[in-house]
Amino acid sequence: MAAAIKGDDDVAAAWIGEGSTAEADFHHALTFAAVYQAPVILNVINNQWAISTFQGFAGGERRSFAARGPGYGIASIRVDGNDFLAVHAVTRWAAERARRGKGPTLIEHVTYRAGAHSTSDDPSRYRPKDEWAAWPLGDPVERLKQHLIAEGGWSEARHEALEDELRAHVDDCWNEAVTYGTMTEGPFLDENELFEDVFRDMPAHLIEQREQMRNLQED
Ligand SMILES: Cc1ncc(C[n+]2csc(CCOP(=O)(O)OP(=O)(O)O)c2C)c(N)n1
């Protein structure tokens with residue numbers, strides 16, 4: 001909204017999981033965006049799973065997530081989220097609309113979370129182990145690669161070289177990052193700081209908790 005008020009052509013973009021669309025905050029955001037015609041792109045990443053909860057729980061089997069936009073007067077579109085060029089095209093369209101003062105756009109990206117939600121998640125507990133293999137839309141990088149090779153602008157050799165280059169770049173970044181510390185090796189923060197800089201006057205329950213922590217540290 002700051003960009004719109006200042007007359008800049010900046011555009012804001014947000015990403016949210018399909019599961020989180022069932023939280024009230026999502027609808028506050030749609031109302032705000034529609035009422036103020038905010039120059040924003042609201043991306044719903046429908047990866048079929050909200051940890052162990054299938055997207056149908058959030059209503060995705062009755063209507064698409066994109067269909068939630070028109071009720072608010074928001075232009076909306078559903079895209080194959082594993083098709084790089086399609087995602088690029090709709091995002092450009094949405095950004096141009098926002099820049100021209102035509103307000104928000106809702107984009108539903110249909111995709112699939114092939115791996116676990118997090119390191120503590122075990123997907124085999126709530127869905128077939130081989131479900132990912134049946135997902136028809138395919139790996140987006142592989143699809144783009146095949147497409148570009150078919151168009152004549154890319155090759156297996158160039159792809160491999162780029163992968164090596166990117167892998168080396170990620171390794172370099174990792175090696176640099178660990179020079180600043182790691183979760184297991186430190187440097188560790190002073191836990192007493194946990195209670196500071198939140199309230200001007202520390203409330204009684206925090207003073208009590210800090211006391212409890214100090215007692216534990218002494219034990
Ligand atoms: C209000 C609230 N309830 C529950 C959680 C726990 N939680 C963390 S991630 C997650 C699943 C989110 O799924 P989705 O919105 O589809 O996003 P994705 O993880 O697929 O990107 C849940 C339930 C939370 N963070 N906040």
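**Note on the predicted model: ligand site, strand units and loop geometry**

1. A backbone N or O atom of Trp-49 lies 3.0 Å from an oxygen atom of the ligand; a polar contact is taken here as a pair of N or O atoms within 3.5 Å, and within protein one atom must be able to donate a hydrogen and the other to accept it, with residues adjacent in sequence counting only if both atoms are side-chain atoms. The protein buries 46% of the 590 Å² that the ligand exposes when taken alone (Shrake-Rupley method, 1.4 Å probe).

2. On the basis of the values: this is a predicted model, in which local features need pLDDT of at least 70 and side-chain atom pairs count only at pLDDT 80 or more, while totals for chains, interfaces and linings use all residues. Residues are numbered from 1 along each chain as its sequence is written, and side-chain values use heavy atoms, with hydrogens and water left out.

3. The residues around the ligand (a heavy atom within 4 Å) include Gly-17, Glu-18, Gly-19, Ser-20 and Glu-23, together with Asn-47, Trp-49, Ala-50, Ile-51 and His-117. By class, this shell holds three nonpolar, five polar and two charged residues; Ala, Val, Leu, Ile, Met, Phe, Trp, Tyr, Cys and Pro count as nonpolar, Asp, Glu, Lys and Arg as charged, and the others, Gly among them, as polar.

4. Strands β1 (residues 12-17) and β2 (residues 40-46) run parallel and are joined by six bridges; strands pair if DSSP finds at least two bridges between them. Ala-14 stands opposite Leu-42 in β2. With helix α2 (residues 24-35), β1 and β2 make a right-handed β-α-β unit, that is, clockwise from the first strand over the helix to the second with the strands pointing away from the viewer. Helices (H or I, at least four residues) and strands (E, at least two) are DSSP runs, numbered from the N terminus.

5. Strand β5 (residues 75-80) is parallel to β6 (residues 105-110), again with six bridges, and Val-79 stands opposite His-109 in β6.

6. Gln-37, in the loop between α2 and β2, has a positive phi of about 50° although it is not a glycine. A cis peptide bond with omega of about 5° joins Gly-186 and Pro-187, and Pro-187 is found in the loop between α6 (156-178) and α7 (204-218).
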